[in-house]
Each structure stands twice: as structure tokens, then as C-alpha cells.
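Please look over the sequence and the model shown here before reading the report that follows.

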Amino acid sequence: MSEYKIRKGKEIAFTISITILTFLGILPLFHIIATVFVNGLPVITKESFTFLTGTFSNGGIGPAIAGTFILIFLSSLIGLPVALLVGVYAYEYPNSIIGKATETLLQIMLEFPTILVGVFAMSIIAIPMGTYSAFAGAFALAIILMPYVAVYTQEAMRQIPFTYREASFGLGLSRIKVIFRILVPLSKRGILTGVLIGMAKVAGETAPLLFTIGGLYESYPVSVTKPVGAVPLLIYTLVQSPSKGNHRMAWGASLILLLIFLLIFIPIRVSLKEVKL
Amino acid sequence: MKKKCYVGIGIATICIVLIIAELHIYIGNEKSVILRTTGATFPQYQIQKWIKVYQQSHPEVKIEYEGGGSGYGQETFLQGLTHIGRTDPPVKEDTWNKFLNTGDQPLQFPVIVGAVVVAFNLPGINELKLSSEALVDIFIGDIEYWDDRSIKSLNPEVNLPHEKIIVIHRSDASGTTAIFTTYLSLISEKWANKIGAGKTVNWPVDNMGRGLAGKGNSGVVAILKQKEGSICYTELSFAIEENLSVAAIQNKNGRFVKPTTETIQSAVSQVSSYIPSPTEGYKEDIKQLLNAAGDNSYPIVAFTHLLVWQNKDRKHYSPEKAKAIKDFLAWILTDGQKEENIAPGYVPLPPDVAQIGLNAVKMIRI
Amino acid sequence: MFRFFTLFTGGRKMKPCFNKIFKSVRRIDTFQIITLPAVIFVFLLFVLMLFVYFYNALPAFIREGLAVYFKNIWQASEEPGKEYYGLIAAIWGTVYTSMIAILIALPISIAYSVFVIDYVPKKLKNIFIIVSDMMAGLPTIIYGIWGVFALVPFLQKYIMTPLYKNLSFIPIFSYPPVTGYSYFSAGVLLGIMVTPFASAVIREAYQMIPFTYREAAISLGLTRYEATKILLGYIKPAIFSGMILAFGRAVGETVAVSLIIGNTFNLSPSLFAPGYTISSLIANQFGNAYIYRHMLPVLYAGGLSLFIIGLIVNIVGLYLLRRWQENVRI
């Protein structure tokens, strides 16, 4: 065989294997979404109002959904201010020792095992408080949320052309005014993206909630210092039981979780070019 | 513009859901008291039935059921993370002292009688007889295949497959395990010496590659249903609810009995159970209902217990919670023991035993 | 105030010096006063976390020393004297499943990056990237439930059982795939879960290669395959770093793994054996660890080891990536 043919053959084999491998990598997502829909849709459409708003003995996951929203809200309340400040600091002093260390720390925390954060939150919040609570769970989630928002804030602000900074400083504004009055509003969109991505991630987390929130599925949560439920935690508990009824509810809850996730994720992703993980 | 649309839709959905939730909270939770019970999964179906029935007649009380095993139940009770703890075996003295160290008085009493059964998954086979030796040998790992001579000789008409026996046990600290292993220690010196009894034990089958662990009775049963050729120990109610095949095991009199309401009641009636005062719960002996005499008695029978605080100086419960707990427990020990409120797989308490629980309930201070 | 100061310091000579000090004091402006505490707070929180783990693990170290990481025994007993624990089975499980995960992630993430950048028409490119990002952000419990009900039965029926039936003389296939819950299933699921992270790093690096290299390759008449080989060689450190970061992610994953790994204390090299990972051990045993006097510190020790593994892996990965990035910017 001529050398050309060998090379051509390798080229074709390569192209084929690349394509196959890529699709192998992509396939699971579609299969997952399809499976969740196929298994979850019948559960939801059967008695949707009861499922979405009823308590567990009545066949609903309402309290869990409420709990998830409470946790997202509370963890954002705790985590966003800190995250914004840290992100802004990392942007402003990229070359100082503290700045570099901050960036490294943020990257580390991005990938940190979430179970460790959960156990930590349990030992410093749930146990001294003497009770499981939404607050403990939100605290753990805030720790997980923070690096995402901080990194996105930093990146977003980096995108702003330098001229804006120069002009603002040239006008004699103090640093704090430059950052918070001019640059941050300019990078609003990027920061908002980060916030939403963080919230989406945190809505789906299970491990940090295992030992902090306790679970509440018979009644709606009314206090943040009392136990609360969450959709991912409920799914985790239901999957491990042998009853088919519980499995059905788990699929329904998974579909709800998937929908919440997609609802937040797709709009952001469509409007943004590059997502940092 | 498009993005604003999406964001708008997202926010609108969230608002709608929140409003619905608010309505529910407002309508449903006006004055509800929320109680929490955590621990043993041995009485799971019974507790859940009681919760369901009680909530129907008492809509202002909501009772949250949490599993986790007897060990978890004792621990969360100690930490004050739950109102009513559930434990199958009576609490040990060490732990009882830890309870006392909180400054409050713990109260323990039995609420229902259940049985630990040996369930198996062999397609096409519904009946199996296991002698005491065979039972021990299977769980200790000495018998490897289903068609082993010792099993076959007891069940000559059954077509046992030449498959390895997969033993499923608990991964968490389990009262069910404690009851089962205490029974095996009672009937077999080999077991008592090699493995012993406890909420968690070392299963030799794990090292042989034939052991699997599940979390809670439900976890164990979930695995059993999926794996052919497996065997496990679990509470009777799980076998009934999940339609599992149950083995007939040898009782003290040498007869092979299957766990049914009659055989369990026979065991309970044969024994004049010694239930200590609720303030001295650790004195109870887990062995008392095990291996009961009587031709028709099922050998692995046990009480399961609840733990509540006396609430000295309102240390653990607010007045309304204490009242709700008293009402609920009193109901469990009276109406709850009536036949229509008993879940399949459980047997009500003898009246004198129920009285002890009622005495404990009287002791709770509002 | 300045005049007062000069009374003690010899007058005019000190003015420039003083001005310098004064200016540097002023440089700590309100911006830092607001943001620096937040930064310090985060650092302190992290250190506190490390401390909490270390402090709670200390009793285990005192009782058994570092041997607690190397023994394979898990004997829980309510008599404290009889308790013995060892974490090696869990550590092995964590490392083994993560290795399987990156073995799967490596070819797929490379193929994916090359495909998306070189082969895909511009319009579809964004869709592929969105899909990858979605896989990265998807709630792990959904991976878990899919793993339990879809992946494991599939793997058991079509891959594990045939391999076991035919190739069980090879040690890694020698364990009977009883329920499908095994290192293999967990490794595959982890591989699927961490591939997007590795792809993101590799994709970005591949994109960053200066166009001149591609131009040169094309002008030399290389086929796409050969050109890609060269370009990939160029970004080798980034690939390595991507794998390390993926490993770090895989090590920390809890929920999805704990549902399909079988949760038994096994120390087997066989793919189809059930096992434990550190994170699923903590998730499963933490709830009842309190009634055993010595189990809790051991679990914290396990958490500490996870902490340290995660830390080391991440730092190494980031360091390599950054060094390579600095070298690439021509």
C-alpha cells in the first residue's frame, strides 16, 4: 500500500474514532434527560397539583421544593456578599501575594469535596445549635456557592476594557468608587451569570445537606432555625428504599429538580459565550 | 430582549410557586405542632401507619418520620435533634448515663412487638426450612452454595440451585442486627465466640465476596429483591409489604415455624416479660423474648422501644410540644394497639406491658 | 500635626520621609477596608475547616497512630475496648474508582476537545459546548438516580457479566458481578461526571495554541490526524493538569458513588467487587458513629485524608496549568 493510502487510512480511522468518542461522551446527558422525563413525567402529570404542593404522606413533595427554595435564597444571602467582595479583591490585586493566594484558594474551593463542607457545617453550626436547621444547610451551601460567584465576578470584571478604569481614575474617583460605582455595574451581566450558575449548582447539591438540614416533608418549613427538607435529599432517601412507590416519587422529584436546573441554566448559557467551571 | 424574557419567565414561575407554598403554609400550618421521630427501621411500617392514622384525626399535629437505625435514633435523641427516639434493643447503661448527663430524665418503653425473619430470593421457591445449625452456618459463611447438603437434607423436595449464597446485612448501626445476632449467639456457641452480638458486627462473608450491605431495613430489602440467590434478615413487616419469601426456622422445641401473628403471639405469651421502669430502661434484657418455649412459638421476637424525655424544667420540649407528644404516645399505647391500627407483621403489646408505657407518658412534664 | 511631629525629628529633613509614610498609610483606602476582611474571612474559614477535621481526628491518631489509614478492619462494638477501625479499604476504593474515572475521561475529553474545535461547523460548536457545561453542572443526585436505575443494570447485563463469564481468569474480572454495584460501575459513572471538567481545561488549552502552529502543520501537508497529534503534544501539560483536576473532582464525589458502589469493606483489585470510598463511608456511617466511642474520630480522619488528597491534587493541577499557560503566552 502506498504511504499515502496508509496516511489516509489513519486519517479516516482517526476521524471516526474522534467522532465516536465524542458522541459517547455526549450521549449520557441525553439519555439521562430522556430517562428522567420518561420516568418522571407520568408521576407529575398524574396529579400534578398534589405532587407539587402536597406533603409526603399525601404523595407530594411540596415541602421539599419549598425547602430547596429557602436554602437557595438563604445561602445566596449569606454567600453572595462575601463572594462579591472576594471576587472584586482578586480582580483588583491580581499580583499581590494575597491576591494570588486568593485566586488559588478559590480554585481549590471550587472543587472541594462537598461532603467535607457538610460535615464541617454540622460540627460548627448544627451541633452547637442543638438542632438541624435550614441555617446550617444554607451555611454549607454558601461555602460552596462562594467560589463560583467570586470567580465569575473576577472574570467578568476582567472583561471590561482598561480604558474605563483609566478614565475613572483620571477623573479623580477613589478606588472604592471606581470599583463599585463604575466597574461592577458594567460587569453586571457577567456577575449575574455567576450568581445564577452558583444558585443552580447549589440547588442540586445533596452531600452538604446530609447532616445539616434534617429533612422536613410532612409540613411546610416555617423557620430557618428548624429542620427543613430539600428535593435532592429527598431523592437520595427515596432511591435507597425498596418500595416502588418511593422510586416513582423519586423520579418525579428528579424531574422537578432537572426542570429547576434547566430553567436557570439554559438561559444563562445561551446568552454567554464562555462558562468557567 | 430574549434573555430578559427567560429571566422574566423564571422569576414568574418562582413567584407562583412561592405563593402557592405560602397559601399552603397559611392554610395548613396555622397552629400545627411538628414532632419528629428518628431511629430504628424495624418498626418503620408500624410507625408510619400510626402517623398516618393519627394525623387524620389530629390535623394540627404533624409527625416527621426519619429512619437511620437504632444507633442513629439513640444518638439524635441524645443530641436533642429529635423528639422521640426509636431503638429496638434497650439502650445500654453507658448510653443511658450519657442521657442522664444532659440533666433530664430519659424514659424508655416498648411500643410494639415485631419479629426478625430470614428472607430469601430464590425464583420459584417459596418455602424453605432451615435448622439452627444451617442458619448459623449460612450467616457465618460456612455454607457456600444453596444446594449444600445441610440445606438440601432439610428440604428434599425443593429444587435448590447450585449458586453461591449472597448474604445481605446492615451497613448502619441496627437494632435489627442486634436482635438477630443476639439470637444467633444464644443458640450457637460458635457464633457467640466468633462474631458475637451487636448493632454492627463483622460479617465474614464480606471477605469471602458473598456479603452486601444495605442501609436500613429498606436498603437491605431493596438489594434482596434485585439479587437472586441472596438471603437476609429483616423485620416481618418488610417481608409482607414487599412480598418476600420467608424461611421457616427451628424454635426451642425443635419445630420449624414461620413467622406469623399466631407464632409471634405464642412467643410473647410464653414469656412473662420483665420490663423495667421507664426510668431504668437499660436494665431491660433484649434476650427475653428470644427463643421462647412452646411448640408454636417463633424464636426471633423482640420489642421495639421509644425514647422520650421527662422534660424536667422544660429542658427538651416546649409546653405545646410536650402535650402533643403525650397525646400521641398515649394514643399509640391505647388506640394504636387495636387491631385495625396494627400494621401487618407486628403484634400488639400485652396489656400489662402497654401500661408501663402509659406510666412513662404520665411522667412527661408539660 | 506634621509640625508637631517635626519638633521631635529634626525639622525639614524628615518631611519627604514623613510624606512617604503618610501616603502609604493613605493607600490602605476604604476599598481594602471593605474587601480585605471578606478575603481574610474566607481564608480563616478554610483554615478553621482544616482545624476542625484535624482536631476531631486527633483521638483516632492518639489511639492508633497513622496505622488507622493502613489497616483493613471495621469492627464496631459498643464496648470501646473492642473497637478497631482501619480506613485502607475506603482509601483504596477512592483511589481506584477515581483512576477508572480518569482512564475513561482521558480519551473522551481529548476527543471531544479536538472534535469541537477542529471538526465541528461553527454553528454547532456552541451547542456541543453547552451540552458539556450542562453535564458539568447537572445535579449529582440525578446522575445518582440514573446510575442506580439505568447505568448499573446496563453495565451488569452487557459488560460485567459477559466479561466475568469469559475472562474470569484475569484477576481484575474475577469477582462475580452480583448486583452490579462495584468499583467498575462507580468508576464509569464518575468518568462520565468528570469528563466535562477535563474537557473544559483541555478545550481551552487546545484553543489557545497559536494559530501559527496550525498554519505550519497545514502548510507542511500533514493530515488532520498527524497535525492533531503534534498539537496535542504541545498541550500535554494542560492535558495532564486537566486529568489531575478531574481526579480531584472524582475523589470528592459522594452521593452518586455511595448509591452504586456497594458499601462493603473490600480490598479487592477486581473491578466488579463492591467497595467503599472515603466520601461514601462518611455519608453512610456518620449518622450512627456517635454511639461508638472511637468511630467518629476515624471518620474525621478519613475526611482529613480526603481533604489532603483533594488539596494536593488541586494545587498540583493548578500549578502545572498556570506554569504552562505562562509559557504559552508568547
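Two residues are in contact if their C-beta atoms, placed from the backbone, lie within 7 Å. By that criterion, residues 24 or more positions apart account for 75% of the contacts in chain A with a separation of 6 or more. This is a predicted model, in which local features need pLDDT of at least 70 and side-chain atom pairs count only at pLDDT 80 or more, whereas totals for chains, interfaces and linings use all residues. Residues are numbered from 1 along each chain as its sequence is written, while chains are lettered from A and ligands numbered from 1 in the order in which they are written.

Helices (H or I, at least four residues) and strands (E, at least two) are taken as DSSP runs, numbered from the N terminus. A residue is called buried if 20 or more other C-beta atoms, placed from the backbone, lie within 10 Å of its own, exposed if 12 or fewer, and partly exposed in between.

| Chain | Residues | Buried |
|---|---|---|
| Chain A | 277 residues | 54% |
| Chain C | 330 residues | 49% |

Chain A has 11 helices and 0 strands, and its C-alpha trace spans about 70 × 65 × 30 Å along the principal axes. Chain C has 13 helices and 2 strands, and 76% of its contacts between residues at least 6 apart in sequence join residues at least 24 apart.

In chain B, strand β6 (residues 166–170) runs parallel to β7(B), to which 4 bridges join it; strands pair if DSSP finds at least two bridges between them. V167(B) has G211(B) of β7(B) as its bridge partner. From strand β7 (residues 211–214) of chain B, G211(B) and A213(B) point one way and L212(B) and G214(B) the other, and all are buried.
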